[in-house]
Amino acid sequence: MVERARIELAMAGDAGAYEELVRAVARPLYLAAYRILRESGAAEDAVQQAFLRMWRELPRLRDPERFEAWAYRLVVRAAIDEARRSKRQARVRELQPAAASTPDASAEIAARDALDQAFRTLSVDHRAVVVLHYYVGMSIAEIAATLEVPYGTVGSRLHYALRSLRAAFGLELPQGAGAADTGSAHERPMRRRERPA
Amino acid sequence: MSAPRDFDRFLAGWLAEEGPQEVPDRLLETLLADARRSAPPRRWALPVRGRSLSREGIGLALPATGPAWRTWIVLALLAALVAVSALVAGSLRRDPLRAVADGTIVFEAAGDLWTVDPVAGRATPLTSTSDTDEGGPAWSRDGRSLAMWVTQRGIARIDLAVLGPRLEVGRSLRAPAGLVLPPHRRIAGWSPDGRTIVAPVRGTMTDGAVTRAGVELVAWFDTSTGEGRLLDLGRPAWSFGFSPDGAWLGIASGSELFVLPASAIRAPDPAAQLRRLASIETTGDDINSDPSGAWWRDDLPPVFSADSRAVLYLVNGAAGEGDLATTGGGGLRRSGPLRTDDRPRDTDIRRVSIDAGPAADLVGGSDNDLAPAVSVAGALAYLRSDARTTSAAMDQGGDLWVSPAAGGEPVQVATGVAAGSLWSPTGAWLGALTVDRASLMLLDPSGRHSPRSIPLPQGAASFTWQPVVESGT
């Protein structure tokens, strides 16, 4: 968690504090942006856009306690804009280095590749919700507050995203999964949330 | 290919492991270089707020040592500066809060409340506190009292104040037991008779076997006793507002819009009297997928028509396809296929009768139409933007249009307007933030008077226009 005092100093225009803030949040924001966009150049552009906006709007941030959620909101919005912009451009898919090939590893690689392909077919809004929930570790309520959308909307996006991803493996969605309004099976984050240092 | 046994774990693991684990050095260097070039702009502040001016702040290179006469000159300059500052402070503080014919505008900026003096063409601070954050001003309907959201060390309360030559705080309203008033920038709603205030609170809510904490709820307060209670609607409430006649409280909850008779606020089971006006079905593709939200935003309460018989709200659709149609019960259903992946959003303003009749587009078209504001006479002001998304439209601003109350073609009254507009109590003037949020424009929709522009401090928000105080009452 970024110290409140550091945020307040940066909000007041302290250049050193702002630089520390950039160092503290650049990594988690970039890693989240990459996972939404699945492309490093676009993720870098999105993060730069997010920081540009952060610089402009930081003095207007009313509650330093909400800095982290606000920073994620900026980067998700920038990623969404970036995805829509790059839609018209040719896509370059980044290849990950292949692991040693054993029978088990081959099955694992095939499954990961299938998941990668299925993930790329999701809309960027849906990808963002999946990343915030399963990678950043936000609860549905936290995502709703971060993105400023209704709780039910987040649940709906997660529901359809998971349904699409599971369909790539011929899996049905378990009864009630992702239906946030009825108590989601995904309410508990799958991964401990990585907070900015 | 076999399916993973634990799909959720597989998905979480894939997200964690596939892709970089560190930020690229070149990106970090670029960001740091940007940061060094451009630290955030300093908060706008007047010397009257008691902040000392640093040497860097006033650009003086004070000599560490030097001839005595130079030191005296510098000290004399400083003394002159202090004297001028004191004069400015004194004049600002002595300035009576002049209520112009159309009432005083109050807004928040940098943790204080400010007023706009349209005659003098300037904004002046109404509070100047360093340990509390005042925001969310809301005038009572009679224009005599001002509610403000005060946050001190993270604890929020609502102060009720009377605005005379100074702001005199009368009563403070605090969160009822088991509930929390969320800190910063919330806005309370006055009932028209001034007896009741409704305000957003956070608390726990049980839905079947699931208990959720931090749920957005509503509390009501008796302004004469200060007593507060949960308005138990059996559901979260995202935003709310009273109708002009005071008979109804409009409530946005999730994807549904309700009205509650104001008489039910203090009744034993208010949820039983909730009337659902509209809902947006989210089966299939998610039609509400714009990150900015729409009428669910805290600062966009349901807007009533001037006659209090209908509520205006926003719907998001995709431009040119999958237009929304109404069902008999006032609900909304897509009439065609709707893909939301990368299509531009088309936000329209919709009107639904409180008698739960069918909803209908009030302002449609392929642009984003946002931020409806209704004058006392029924004229509708709204923002129109051709930005690709609703969130971009909210950020980048748009053109301000007015539909006359008497009917006829809408007219464009301004360009480059941010966030929406604010009618004066008589409907003679329209206030609008410029898109750089640096000025408040006062516009005469009839075109008889020239626009006035008033510079604003940074971060100005939450404008409220004082209702006309009737003399002799």
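Let's start with one residue. At 74% relative accessibility, Arg153(B) counts as exposed. Exposed means over 50% relative accessible area, buried means under 20%, and partly exposed is in between, using a 1.4 Å probe and protein chains only. Arg153(B) sits in the loop between β5 (145-152) and β6 (155-163) of chain B. Its phi is positive, about 50°, although Arg153(B) is not a glycine. Most residues other than glycine have a negative phi.

Some ground rules. This is a predicted model, where local features need pLDDT of at least 70, side-chain atom pairs count only at pLDDT 80 or more, and totals for chains, interfaces and linings use all residues. Residues are numbered from 1 along each chain as written, chains are lettered from A and ligands numbered from 1 in the order written, and side-chain values use heavy atoms, without hydrogens or water.

Now compare Ala371(B). Ala371(B) also has a positive phi of about 50° and is not a glycine. It belongs to strand β22 (residues 368-374) of chain B. Is Ala371(B) buried or exposed? Buried, with a relative accessible area of 9%.

Chain B as a whole. It has 5 helices and 29 strands. Those are DSSP runs numbered from the N terminus: helices are H or I with at least four residues, strands are E with at least two. Of the 473 residues in chain B, 51% are buried. Take contacts in chain B between residues at least 6 apart in sequence: 48% join residues at least 24 apart. Contact here means heavy atoms within 4.5 Å.

Next, helix α1 (residues 7-17) of chain B. Here 9 of the 11 residues are buried, so the helix is largely enclosed by the rest of the structure. Among the buried ones are Phe7(B), Asp8(B), Trp14(B) and Leu15(B). Gly19(B) follows α1(B), with a positive phi near 105°.

What does Leu15(B) contact, leaving aside neighbours within four places in sequence? Arg35(A), Phe119(A), Val130(A), Val131(A), Tyr134(A) and Tyr135(A).

That brings us to the cores. A nonpolar core is a set of buried Ala, Val, Leu, Ile, Met, Phe, Trp, Tyr and Cys residues joined through side-chain atoms within 4.5 Å. The largest has 81 residues, and Phe51(A), Met54(A), Leu58(A), Phe67(A), Leu11(B) and Leu15(B) touch the most other members. Helix α2 (residues 15-37) of chain A gives the most to this core, 15 residues. Another core, of 23 residues, lies apart from it and includes Trp401(B) and Trp423(B).

Over to a helix pair in chain A. The axes of α6 (residues 124-136) and α8 (residues 151-167) of chain A come within 9 Å and cross at roughly 95°. Axes are lines fitted to C-alpha atoms, for helices over the stretch in contact, and angles run from 0 to 180 degrees between N-to-C directions. That makes α6(A) roughly perpendicular to α8(A), a label for angles of 65 to 115 degrees. Contact residues include Val130(A) and Tyr134(A) of α6(A), and Arg157(A) and Leu158(A) of α8(A).

Last, confidence. The model scores ipTM 0.81 and pTM 0.54. Chain B averages a pLDDT of 74, and 73% of its residues score at least 70. pLDDT is the predictor's confidence in each residue, from 0 to 100. Which stretches of chain B stay under 50? Residues 39-66 do, and so do residues 318-344. Where pLDDT is low, the predicted coordinates should not be read in detail.

How values were computed. Parallel < 35°, antiparallel > 145°, perpendicular 65-115°, else oblique.
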